[in-house]
Amino acid sequence: MSEKLTERKKMESELKTAIREDQLYLVYQPRFNLRSSKVNAVEALVRWQHPDRGNMMPDQFIPLAEETGLIINLSNWVIHKACSDALEKLPGLSVSVNISPVEFQASDLAERIKQILQDTGLEPTRLEIEVTENVTLSDPEKTCQTMKTLKQMGVRILIDDFGTGYASLSYLRKFHFDGLKLDKSFIFSLGDSQQNQSVVEKIIDLGKAYSMEVTAEGVETADQLSFLKENNCDEVQGYFLGKPVAIKDLNLTLING
Ligand code: C2E
Ligand code: MG
Ligand code: MG
C-alpha cells in the first residue's frame with residue numbers, strides 16, 4: 001500500500017516536470033469525411049516520452065492527472081500545441097482535442113480555451129473538443145453553460161465514445177452537441193451479427209435526429225467502411241484510414257487522392 005503511494009507521488013512529480021519540460025508530445029489521427037471524401041479534421045492524442053519508462057500512452061497517466069488536478073496544466077499544453085500546429089502546419093483543417101469531464105468542474109474551461117485561441121490566433125471554428133458522455137453527470141447546469149459559451153465562440157463540441165457511458169436521451173436534447181463519435185466497440189462487432197449492424201444503423205439515425213454529425217471510431221476494415229458509407233455515416237476514423245502519427249508523417253494526400 002505504502003509502496004503504491006510512494007510510486008504515485010513519484011509519478012505525480014514526474015508528470016509535473018513532463019508538462020514543464022516538454023516531454024509530452026502530440027500525435028494526430030485523420031478524420032475522414034464521407035460526404036466530401038476528404039480529411040477535414042484530425043484528432044490530437046497525447047503521448048509522454050518518459051526519460052526512464054519510455055513512451056507512455058494516455059491511459060497510463062491521464063487518470064493520475066485527473067486525480068491530482070494536473071489535468072488542467074496538461075490540457076492547456078495540449079490545446080495550445082494543437083491550435084498552433086493547426087494554424088502553422090494543417091492549413092484548412094480542423095483539430096479536435098480530448099477534454100476530461102473534471103475540467104468542466106475544476107476550471108473555467110471556456111475562459112481557458114478563449115485565452116489559448118487568442119494567444120495562438122487559430123479561428124475558433126477550427127477547434128473542436130471531444131468530451132465523454134459522463135461530462136453530463138455532475139453539475140449539468142455549469143457544464144451546459146460552459147458549452148453554450150464555447151459554442152457561441154464557434155468551437156464545436158463532440159461526444160466521444162458514445163454508447164459506453166451514461167448519457168440519457170434527454171441530455172442529448174439539452175446539451176446540443178455538434179457531433180457524436182460512436183465508440184469503436186460498436187464498429188469492431190459489426191461483422192458479428194445482424195443485430196449489431198442494426199444497432200449501428202439506428203445510432204446513426206439517432207445522431208441525425210438530434211442534428212449531430214456522426215463519426216464512427218475504430219474503422220479497421222474495408223467492409224466496415226462500406227457498411228458505414230451505405231448507412232450515411234458522416235465521418236470515419238480508424239487504422240484503416242490512418243493510425244495516429246507525428247504531424248510530419250500525416251499523409252493526407254494519400255487518403256484524399
Ligand atoms: P479517444 O479519444 O476515444 O481516442 C481514440 C483512441 O482509439 C486512441 O487511443 C486511438 O489511438 C485509438 N484508435 C483509433 N483508431 C483505432 C482503430 O482503428 N483501432 C483501434 N484498436 N484503436 C484505434 P489512445 O491514443 O491510446 O487514446 C486513448 C484515450 O485517451 C482517448 O480515447 C482519449 O479519451 C484519451 N486521451 C488521449 N489524448 C488525450 C488528451 O490530450 N487529453 C485527455 N483528457 N484525454 C486524452
Ligand atoms: Mg477522442
Ligand atoms: Mg473515442
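Trainee: How many residues surround ligand 1, and which are the closest?
Mentor: 23 residues surround ligand 1. The closest are Arg47, Asn98, Asp160, Glu220 and Tyr239. A residue counts as near if one of its heavy atoms lies within 4 Å of the molecule. Keep in mind that this is a predicted model: local features need pLDDT of at least 70, side-chain atom pairs count only at pLDDT 80 or more, and totals for chains, interfaces and linings use all residues. Residues are numbered from 1 along each chain as its sequence is written, chains are lettered from A and ligands numbered from 1 in the order in which they are written, and side-chain values use heavy atoms, with hydrogens and water left out.

Trainee: What is 3.0 Å from an oxygen atom of ligand 1?
Mentor: An N or O atom in the side chain of Glu43. A polar side-chain atom of Glu217 lies 3.4 Å from a ligand 1 oxygen. A nitrogen atom of ligand 1 is 3.2 Å from a polar backbone atom of Val46.

Trainee: How much of ligand 1 does the protein cover?
Mentor: 83% of the 800 Å² of accessible area that ligand 1 has on its own. Areas come from the Shrake-Rupley method with a 1.4 Å probe; for residues, only the protein chains shown count as cover.

Trainee: Which elements give two or more residues to the shell around ligand 1?
Mentor: Strand E2 (38-50), strand E6 (156-162) and helix H8 (184-188). E2 gives the largest share, 4 residues. Helices (H or I, at least four residues) and strands (E, at least two) are DSSP runs, numbered from the N terminus.

Trainee: Back to Glu217. Where does Glu217 lie?
Mentor: In the loop between strand E8 (213-216) and H10.

Trainee: Is Glu217 buried or exposed?
Mentor: Glu217 is buried, with a relative accessible area of 8%. Buried means under 20% relative accessible area, exposed over 50%, and partly exposed in between (1.4 Å probe, protein chains only). Glu217 is 19 residues from Ser198 in sequence and 17 Å from Ser198 in space, C-alpha to C-alpha.

Trainee: And what about H10 itself?
Mentor: Gln224 is in helix H10 (residues 222-230). Gln224 has a relative accessible area of 11%, so Gln224 is buried. Its C-alpha is 9.7 Å from that of Ser189, 35 residues away in sequence.

Trainee: New topic. Which side chain makes a polar contact with Glu128?
Mentor: That of Arg156, at 2.4 Å. A polar contact is a pair of N or O atoms within 3.5 Å; within protein, one must be able to donate a hydrogen and the other to accept it, and residues adjacent in sequence count only if both atoms are side-chain atoms. Glu128 is in strand E5 (residues 127-132).

Trainee: Why does Glu128 count as buried?
Mentor: Because its relative accessible area is 3%.

Trainee: What does the side chain of Thr120 do?
Mentor: One of its polar atoms lies 3.5 Å from the backbone nitrogen of Leu122. Thr120 is found in helix H5 (residues 109-120). Thr120 is buried too, at 12% relative accessible area.

Trainee: Let's do backbone angles. What phi does Asp22 have?
Mentor: A positive phi of about 60°, although Asp22 is not a glycine. Most residues other than glycine have a negative phi. Asp22 is in the loop between helix H1 (2-20) and strand E1 (24-33). Asp22 counts as exposed, at 52% relative accessibility.

Trainee: And Ser37?
Mentor: Ser37 has a positive phi of about 55° and is not a glycine. Ser37 is in the loop between E1 and E2. With a relative accessible area of 42%, Ser37 is partly exposed.

Trainee: Last stop, H3. How far does H3 reach?
Mentor: H3 (residues 71-89) has 19 residues and reaches 26 Å from its first C-alpha to its last. That is close to the 27 Å expected at 1.5 Å a residue. The expected span is 1.5 Å times one less than the number of residues.

Trainee: Which residues of H3 are buried?
Mentor: Among them are Ile71, Ile72, Leu74, Trp77 and Asp85. Leu70 is in the loop between helix H2 (62-68) and H3. Leu70 also counts as buried, at 7% relative accessibility.
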